[in-house]
Amino acid sequence: MKPNTAYFFMSCDAETDCFLFPVLPEKVTWTDSIKNTSITVASLGETTVIEKKGADTLSFNSRFPAVRDQAVVVATLYEPSYYKDKLEKWREAEKPVHFIAFSALDINDYFTIESLSYSEEGGPVGELAFSIKLKVYREPKIRKIDLTPEGKAEVTTEGKRVDNSITSTTYTVVKGDSLYKISKAKLGDGNKWKEIYELNKDKIKNPNVIKVGMVLKLPEQNKK
């Protein structure tokens, strides 16, 4: 990461699956959810009904570059499909993501991915522009009422820790990996490498050549 640079970080699966956004967005939009409704009551004129605060939303546009350029703020740049696959995986798992923005906004909270879209615009072949919208996530709280010996009611609120762990159906390639090695470690049988290859033909052109950072789908019936 470049010194004195802001960063955007997102993680899921109990912080074990994560990445830094390689290019910072030019603009971030934070939308406050408080909605106060104005109504007119006969003989009283206009009055305002103060409603409860809902969930704020955060949205921004950026890109996943195919090659390093001056806008890239991370030390290690992965292929666009690496970031795309992770975001789609987290969204499909219907689990909240942990988003941290070390910038003027200073955000550190859990969010649900409300919308996610991609497009191929100008620039190097394979580069992806994307648009994402996040909504603040809150775990439901349980209110408990106890009666004291004096007959008074004591109300306590019990909150649960955010659980965004998911069952892994993918594997991120690291240095020294091969399909056989991955199959043996994850499926218990190295000879099942062909199953992994068949699921990932869209990104693996040669089964003997896989790139570091590549996110591979694993056969669901054999996951551990």
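Biologist: How many disulfides does a search of the whole structure find?
Modeller: The count is 0 disulfides. Keep in mind that this is a predicted model.

Biologist: OK, take the cysteines then. Is Cys12 buried or exposed?
Modeller: Cys12 is buried, because its relative accessibility is 0% and the cut-off for buried is under 20%.

Biologist: And what about Cys18?
Modeller: Cys18 has a relative accessible area of 29%, so it counts as partly exposed.

Biologist: Switching topic. How many helices and strands does the chain have?
Modeller: There are 3 helices and 13 strands in the chain.

Biologist: Let's look at helix 1. What span should it have, and what does the model give?
Modeller: Helix 1 covers residues 80-92, which is 13 residues. At 1.5 Å a residue that should span 18 Å, and the end C-alpha atoms are 18 Å apart, so the two agree.

Biologist: Which residues in helix 1 are buried?
Modeller: Pro80, Tyr82, Tyr83, Asp85, Lys86, Leu87, Lys89 and Trp90.

Biologist: What does the backbone do just after helix 1?
Modeller: Glu94 takes a positive phi there, about 55°.

Biologist: Zooming out, what share of the chain counts as buried?
Modeller: Of its 224 residues, 34% are buried. The accessible surface is about 14200 Å², with 50% of that belonging to carbon and sulfur atoms.

Biologist: And how many of the contacts join residues at least 24 apart?
Modeller: That's 58%, counted among contacts between residues at least 6 apart in sequence.

Note on methods. Residues numbered from 1 in each chain as written. Predicted model: local features only at pLDDT ≥ 70, side-chain atom pairs only at ≥ 80, totals over all residues. Heavy atoms only, no water. Helix = DSSP H or I, 4+ residues; strand = E, 2+ residues; numbered from the N terminus. Expected span 1.5 Å × (residues − 1). Buried < 20%, exposed > 50% of the residue type's maximum accessible area, 1.4 Å probe, protein only. Disulfide = S-S within 2.5 Å. Contact = heavy atoms within 4.5 Å. Areas by Shrake-Rupley, 256 points an atom, 1.4 Å probe, with all protein chains shown as cover.
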